Amino acid sequence: MKTFSSGWMNGLIGVIIFAGSLPATRVAVMDFSPTFLTAARAAIAGLLGLALLLLSRQQLPTRKDWLPLFYVAIGVVVGFPLFTALALQYVSAAHTIVFVGLLPLATAIFGVLRGGERPNFVFWLFAVLGASLVFGYMLVQTGSWAFNYGDIFMLLAIIFCGFGYAEGGKLSKHLGGWQVICWALIITLPIMLLISYLYMPMSFDQISTSAKLGLAYVSLFSMLIGFFFWYKGLAQGGIATVGQLQLLQPIFGLAIAAVLLHEQVSPAMFGVTIAVIACVACAKKFA
């Protein structure tokens with residue numbers, strides 16, 4: 001029980017850190033291209049991760065761990081950052097944050113497929129209900145089944161992220177939470193350094209301070225520190241169950257978007273967020 005509670009606490013800290021990711025990306029993508037932002041955040045975090053592994057003298061992962069680590073890299077180092085950066089060229093940070101309500105269901109599904117977990121029926125009932133509320137909100141906002149490019153990119157981001165979360169949570173049980181993200185970052189480090197160089201702005205003098213701070217946040221916190229807590233939480237409390245904490249992320253993210261970016265948070269956005277919070281509370285109770 002203590003390990004389970006610790007898992008939820010670590011997971012909650014990770015969610016709070018990740019809540020600033022989309023607003024920070026929104027600010028950064030105003031001056032940086034999505035390609036450079038995706039590569040630069042991974043390259044900066046990768047160099048820091050390499051330093052941590054060397055200083056702590058970590059042993060290399062076993063041969064069987066490298067393919068799952070590659071999956072983690074594809075999901076959370078490349079897929080999610082790239083597709084969210086592309087989405088934020090078309091829609092607001094507040095709009096994309098609501099999509100995060102779909103992430104717990106994606107994580108739970110991959111937790112079953114890749115992690116061998118078996119949550120009970122009541123858990124799935126509330127997980128699907130939370131995701132359905134978000135999906136319904138999307139339909140109301142668009143007025144039809146035809147999503148715009150921002151919506152499509154966000155759905156792809158959620159799929160990639162859920163996959164990466166499940167793989168990382170499984171690996172963290174024997175590699176350790178922070179070690180998993182560091183090794184995943186190192187896998188992509190050479191290519192990310194090259195892409196960062198090729199797509200680097202001609203001059204950083206024209207880049208706003210807010211964009212630079214956005215890049216710093218997603219590199220240090222979203223791409224590295226947040227995963228220290230998140231993967232540890234998934235390993236301790238279970239991928240599917242602790243993953244439901246992501247339903248809390250929209251309310252934190254909407255608050256950040258409203259305060260820092262002065263984006264409008266509609267009553268519908270707020271109402272959906274409150275509803276999914278109730279779903280995560282019920283999912284935790286019946287996990």
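Helices H2, H10 and H12 (249-260) each supply at least two residues of the lining of the largest pocket in this predicted model, where a helix is a DSSP run of H or I with at least four residues, numbered from the N terminus. The largest share of that lining, 4 residues, comes from H10. In total 11 residues line the largest pocket, and Pro 23, Ala 24, Val 27, Gly 214 and Leu 260 lie nearest its centre.

A pocket is an open set of points on a 1 Å grid over the protein atoms alone, with protein on both sides within 12 Å along at least five of seven lines, while a cavity is a set of points where a 1.4 Å probe fits but cannot get out; lining residues have an atom within 4 Å of a point. Rolling a probe the size of a water molecule over the atoms shows where empty space is left.

By this rule there are 2 cavities of 30 Å³ or more. Of the 14 residues that line the largest cavity, Phe 18, Ser 21, Phe 80, Tyr 165 and Ser 222 are the closest to its centre. Two or more lining residues of the largest cavity come from each of helix H2 (21-28), helix H4 (63-87), helix H8 (149-175) and helix H10 (209-237). The second largest cavity, in turn, is lined by Phe 18, Ala 19, Leu 22, Pro 23, Ile 97, Val 100 and Gln 249.

The table sets out volumes, each being the space filled by probe spheres set on the points, which are joined across faces, edges and corners, and residue classes, in which Ala, Val, Leu, Ile, Met, Phe, Trp, Tyr, Cys and Pro count as nonpolar, Asp, Glu, Lys and Arg as charged, and the others, Gly among them, as polar.

| Space | Volume | Lining residues by class |
|---|---|---|
| Largest pocket | about 190 Å³ | 8 nonpolar, 3 polar, no charged |
| Largest cavity | about 130 Å³ | 10 nonpolar, 3 polar, 1 charged |
| Second largest cavity | about 30 Å³ | 6 nonpolar, 1 polar, no charged |

On helix H9 (residues 177-198) lies Leu 194, which counts as partly exposed because its relative accessibility is 45%, between the limits of under 20% for buried and over 50% for exposed (1.4 Å probe, protein chains only).

Residues are numbered from 1 along each chain as its sequence is written. Local features in this predicted model need pLDDT of at least 70 and side-chain atom pairs count only at pLDDT 80 or more, whereas totals for chains, interfaces and linings use all residues, and side-chain values use heavy atoms, with hydrogens and water left out.
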